Structure formats: structure tokens, C-alpha cells
Amino acid sequence: MPQRHRRGQVAALVAALLAALLAFAAGPARAAEPVTIPNFWNPRARLERPDPPQATRPIRFLTDDEYPPLHFAGPDGNPTGFSVELARAACEKLGLTCTVQARRFDTLLDALQANQGDVVAAAIPLTASLRSGHQVTRPYFRWPARFVVRGDKGLPAPDPKGFAEHPVGVVSGTAHEAYLRTFFKVTPKTYPDLGTAEAALRRGEVDYLFGDGLALALWIGGTDAAGCCAFAGGDYLENRYFGEGIGFVTRKEDEALARALDDALQRLWDEGKYAELYLRFFPVSPF
């Protein structure tokens, strides 16, 4: 489950994202390393195509504007981000008229239940509790855990045997620390927050850093990292530690809308629109 950004951090994160996007768009000067696009859809599990819901008014999407690159306020002040633009693309695919309104994150589900919106498109983790009171689509994004290393040390892929010689850092009290201790049998060097841990990696206090892949991707592509570091090894997606991801959320009675959105997401993946949006908002992929 991701940590929510503090209000004072959002402008810096948006600036980092825009800087990474500009660097990615710079053409031949950028690195040729491909961006990994995740696939959360099973090609053998195609849904029977549902009829789009009969809407007499626009479908109202609710989001938050403080969690880039999934949802944030764009340069014009309007909501944008991967979740928001995916919602708009799903509406277009279904032939529906939709609106997007930004609200404070902790009010989104209450606003949905109060009929102040029809769908939540925000980073609300999929849980059994959420499903018990709402309809949700299949996940369109998950939070991978990743290792990051300094790019100038030529370190091998993360291996528990090497952590005795190459210390690994992690944020104290997180699922990432618990995962390291359980599966890698390592005693990591802990830090109070991710920014402190990232600075320690850049200074060389640790050789590996394990944490939230999305936050680390923004850091790698931003100015604070100054090109020091890169991902190493693969992604880790253990549900018990890192959650099931996020999907669109509707009211319990709006099953037809949820199923139509599921079908739209599948088609957006099949037709390449999902990949197009992913590349727009994830110039450094967390996967």
C-alpha cells in the first residue's frame, strides 16, 4: 500500500514527473532502455461484452489531485494523471459522457456513497473490506516493490548472500522491511522515511535500497537523484505485503457500470491505448 504524499511534497513530485517526461521526450539524447509496461489482463479470461449502462446524464468520476503520476492537478489546474486519463479513455470507449472532479482523498468513498459521484478513479487499495461495500473493477495498476542501486558500482542483481558485503536500506516499519526480513533473511539498515533512505543510497551509506517502486521511479527520473541510481533485479508483487493494486470503484448497486468499465479496460489494453497512456505518465517504469 502506498504512502500518501504530504501536501507540501506534491508540487515537487509534479515537477519531478514533468522533468522526467520532458527528458523522455528529448529524443535521441535519452537512454535507449525500454520502458516496461505491466500486463494485468489474462488473454484467456475475456469477459462477455456487457451492454454499456444507459446513462441519462454524464458519468461523474471522483479523484484526488495530490498523488502523481496517478492523479494530480495539471498545469491548467484540471485533474490529470494515469488514472484520470484512463478513466476518460474508458468513457470514450463506452460512448459515455463523463466528468472528472477532484476532492480530498479521504472524502472520496463518502462522496461516492452520498451520490455526489458515480466512480472513484484514485489510488484506493483493493481490499476485502472495499469489495464488501462497493463494486470494483479488476486492477489496472499495482505497487511493485523494487531494489535500487547506485549506477557507478557495478553491483550484481540483489541476492541475500551479497547483503552481508553490500548493505541494503529500507524505510523502518514498512511492508518492505517486513518482506526483506522474511524472504531475504537480512537485517537491513532502516531509515525514518524514503527521502532519507534515498539520500543515504546516493551518499553510498548503503548499496541497495528496497522500497515502493512507484516512488522510487519518480525519484530515479527526477532531479534529486541526479542520475545516480537505477533499478536492479525484478519487481515483487506479493499481495500480502504490497496489496492487490487499484481499480475503478462504484457503488454496490452499479454492477453494470463496473462490468462495463472492466470491459473497457480490457479493450484499452488490447488496442494499445493503455500502453500509450502508461508511457505518457511513467517515463521511468516502476516495473
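A disulfide is taken here as a pair of cysteine sulfur atoms within 2.5 Å, and by this rule the predicted model contains two disulfides.

**Close-up 1. The disulfide of Cys-91 and Cys-98 in the predicted model.** The sulfur atoms of Cys-91 and Cys-98 lie 1.9 Å apart, and the two residues form a disulfide.

**Close-up 2. The packing of helices α6 and α7.** Helix α6, which spans residues 194-203, packs against helix α7, residues 213-221, at an angle of about 50°, and the axes of the two helices are 12 Å apart. That angle makes α6 oblique to α7, and the crossing of the two helices is right-handed. On the α6 side the contact involves Leu-194, Glu-198, Leu-201 and Arg-202, which meet Ala-215, Leu-216 and Trp-219 of α7. Sorted by residue class, the contact of α6 with α7 comprises five nonpolar residues and two charged ones, with no polar residue.

**Close-up 3. The open sheet of strands β2, β3 and β4.** Three strands form an open sheet in the order β2-β3-β4, and their pairing is antiparallel. Strands β2 (66-67) and β4 (79-80) stand at the edges, where each has a single partner strand, so one side of each is left without a neighbour in the sheet.

**Close-up 4. The pairing of β3 with β4.** Strand β3, made up of residues 71-73, pairs with β4 in the antiparallel sense over two bridges. Within this region Ala-73 stands opposite Pro-79, a residue of β4.

How values were computed:
Residues are numbered from 1 along each chain as its sequence is written. This is a predicted model: local features need pLDDT of at least 70, side-chain atom pairs count only at pLDDT 80 or more; totals for chains, interfaces and linings use all residues. Side-chain values use heavy atoms; hydrogens and water are left out. Axes are lines fitted to C-alpha atoms, for helices over the stretch in contact, and angles run from 0 to 180 degrees between N-to-C directions. Helices (H or I, at least four residues) and strands (E, at least two) are DSSP runs, numbered from the N terminus. Angles under 35 degrees count as roughly parallel, over 145 as roughly antiparallel, 65 to 115 as roughly perpendicular and the rest as oblique. A crossing is left-handed if the near helix is turned anticlockwise from the far one by less than a right angle, and right-handed if clockwise. Contact means heavy atoms within 4.5 Å. Ala, Val, Leu, Ile, Met, Phe, Trp, Tyr, Cys and Pro count as nonpolar, Asp, Glu, Lys and Arg as charged, and the others, Gly among them, as polar. Two strands pair if DSSP finds at least two bridges between them.
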